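Please read the points below with the model open beside you.

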Amino acid sequence: MSKHNHSRRDFLKTTALAGLGIGLAGMAPSRAAGAEPGFGAVRSRAKNISQTRRRPAGQKPVHSLTTSPIEKVRVGLIGCGGRGGSLLKDLLNIPFVEVTAICDVREERVAMMLKRAGDKGQTPRTYSGGDRAWENLLRQDNIDVVYVATPWEWHCEMSVKAMEAGKHAFVEVSAAVTVDECWKLVNTSEKTQRHCAILENCCYGRNELFVLNMAREGVFGELTHAECAYIHDLRGMLFKLGTEGDWRREYHKTLDGNLYPTHGLGPVCQYMGIGRGDQMKYLVSMSSPEAGLSKWLREKNPNDGRHAGEKYVCGDMNTTLVKTELGRSIMIQHDVISPRPYSRINALSGTGGTFFGYPNRLALDDPKKYNLKAKSSHGWLKDDDFKAMRERFDHPLYKQLQERAKNSGHGGMDYVMSYRLLDCIRKGLTPDMTVYDAALWSCILELSAKSVQEGSHPVGIPDFTRGDWKAIKPLGIATT
């Protein structure tokens, strides 16, 4: 194992995972005995993680933060792994973006990304050679936005220091691991008046934008319930050396909850105006037994037995139910272990209709309102009716960018996301996803684990807007 991988593992154990202090009862005895620094100290603070914290003097809300327009958006990228490489590809194909800096602990990755940039006529400065090389990138003047595409435990620190250096932080999911980290992001954004946007690409998928547009146009009537998930068989990846599996598997050893909530949650929060006219109030979470990852380890013996003896505590399926201030409900599921097809569920229901994804289905209370052939809501719309609704309500942002996004990752949503968020910076507008969204969607990780640990008791969800959600308007229909 390389030196930087040792350092990453040590950092993970002594910060983000150690900071949670949750799920110790299910850990291996050597861990529960205190082998990980920081568990005891933070476990005592965890009693108050549901509390909404006062806004420190001198800070101002950023839910409507605007900045001076700029002609060219200069971007620095931290993290050149699989996700970072995909993001760089899109950045290099956005006409008003210049990539001015690239950083990774692995020099060979930086060299590969530099070549890609050179092929597009760009010459970013490069940083590598150690776990703290990114701090030198933040000292570079010609950077407006820093993309953070590193392991989860680095997200908060890198984003905070980017904002303190006068740059906007665009951070990969989840934006933070602990509730404390969520508050650090919020307070730093408010103090520095810099944006901290979560790079939740699923909010920019064609289907998600389609449902958002229908919700804004009143197709679903009064919204009452949503369902979402991250269901993705990652058993093989979690044991693949040299990938994110090296560090993501660590969370399965220490936490029993929803480890990855934002892909499904982000879009449904936007549909329902969560943080913008409604707010999450509390959650209840429960997990199935842990079985699948242990079975995989036992039967596959990956990497010639080097993982023998590992113990996992995270249940194969976690289900979290959220109640909102307006009385609405959201179901969030997480399962990266079971042998089943990929799904984010992506469901929305109201008095006017219901949508379910995977596969896409739509039922309407009054199909005649849209000149459809369907007679009632007792069956899903047939293909021709669904196509008619798609043509009528496809989101203008998708329609305007679909040609440019054809070769982008995840069906084009990655390009649409980066284009839209960076276009907001170019025009001085507030991005669609603010730091309050980043904090709220990410805090489900620790809060769900706390509920599971406490026998599925309700756990309050802090209000990162500090009451401002009551006056913030829901997202409009964005165009380029």
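1. Basis of the note. This is a predicted model, in which local features need pLDDT of at least 70 and side-chain atom pairs count only at pLDDT 80 or more, while totals for chains, interfaces and linings use all residues. Residues are numbered from 1 along each chain as its sequence is written, and side-chain values use heavy atoms, with hydrogens and water left out.

2. Strand S5. Helices (DSSP runs of H or I, at least four residues) and strands (runs of E, at least two) are numbered from the N terminus. In strand S5, which covers residues 168–171, His 168 and Phe 170 point one way and Ala 169 and Val 171 the other way, and all are buried; buried means under 20% relative accessible area, exposed over 50%, and partly exposed in between, with a 1.4 Å probe and protein chains only. In a regular strand the side chains alternate between the two faces of the sheet.

3. Neighbours of S5. Two strands are said to pair if DSSP finds at least two bridges between them. Strand S4 (residues 145–148) pairs with S5 in the parallel sense over 4 bridges, and the partner of Tyr 147 in S5 is Phe 170. From S4 the chain passes through helix H8 (residues 152–164) to S5 in a right-handed β-α-β crossover; right-handed means that, with the strands pointing away from the viewer, the path from the first strand over the helix to the second runs clockwise. S5 also pairs in the parallel sense with strand S6 (residues 196–198), over 3 bridges, where Ile 198 is the bridge partner of Val 171. The chain crosses from S5 to S6 through helix H9 (residues 179–192), and this β-α-β crossover is right-handed.

4. Helix H17. Helix H17 (residues 413–427) has 15 residues and reaches 21 Å from its first C-alpha to its last, close to the 21 Å expected at 1.5 Å a residue, where the expected span is 1.5 Å times one less than the number of residues. H17 is mostly covered, with 13 of its 15 residues buried, and just after H17 the residue Gly 428 takes a positive phi of about 80°.

5. The second largest pocket. Its volume is about 380 Å³, and of the 21 residues that line this pocket, His 63, Arg 276, Lys 473, Pro 474 and Leu 475 lie nearest its centre. On a 1 Å grid over the protein atoms alone, a pocket is an open set of points with protein on both sides within 12 Å along at least five of seven lines, a cavity is a set where a 1.4 Å probe fits but cannot get out, and lining residues have an atom within 4 Å of a point.

6. The cavities. The structure holds 3 cavities of 30 Å³ or more, and about 70 Å³ of space lies in the second largest cavity. Among the residues that line the second largest cavity are Cys 203, Gln 270, His 395, Asp 432 and Leu 475.

7. The mixed sheet. An open sheet of 8 strands has the order S13-S12-S11-S7-S10-S9-S8-S14, with mixed pairing. S13 and strand S14 (459–460) stand at the edges with a single partner strand each, so one side of each is left without a neighbour in the sheet. Strand S8 (residues 280–287) and S14 run antiparallel and are joined by 2 bridges, and Gly 460 in S14 is the bridge partner of Tyr 282.

8. Arg 361. This residue lies in strand S13 (residues 361–364), and Arg 361 counts as partly exposed because its relative accessibility is 25%. Arg 361 and Trp 380 are 19 residues apart in sequence and 5.9 Å apart in space, C-alpha to C-alpha.

Conventions. Grid points are joined across faces, edges and corners, and a volume is the space filled by probe spheres set on the points.
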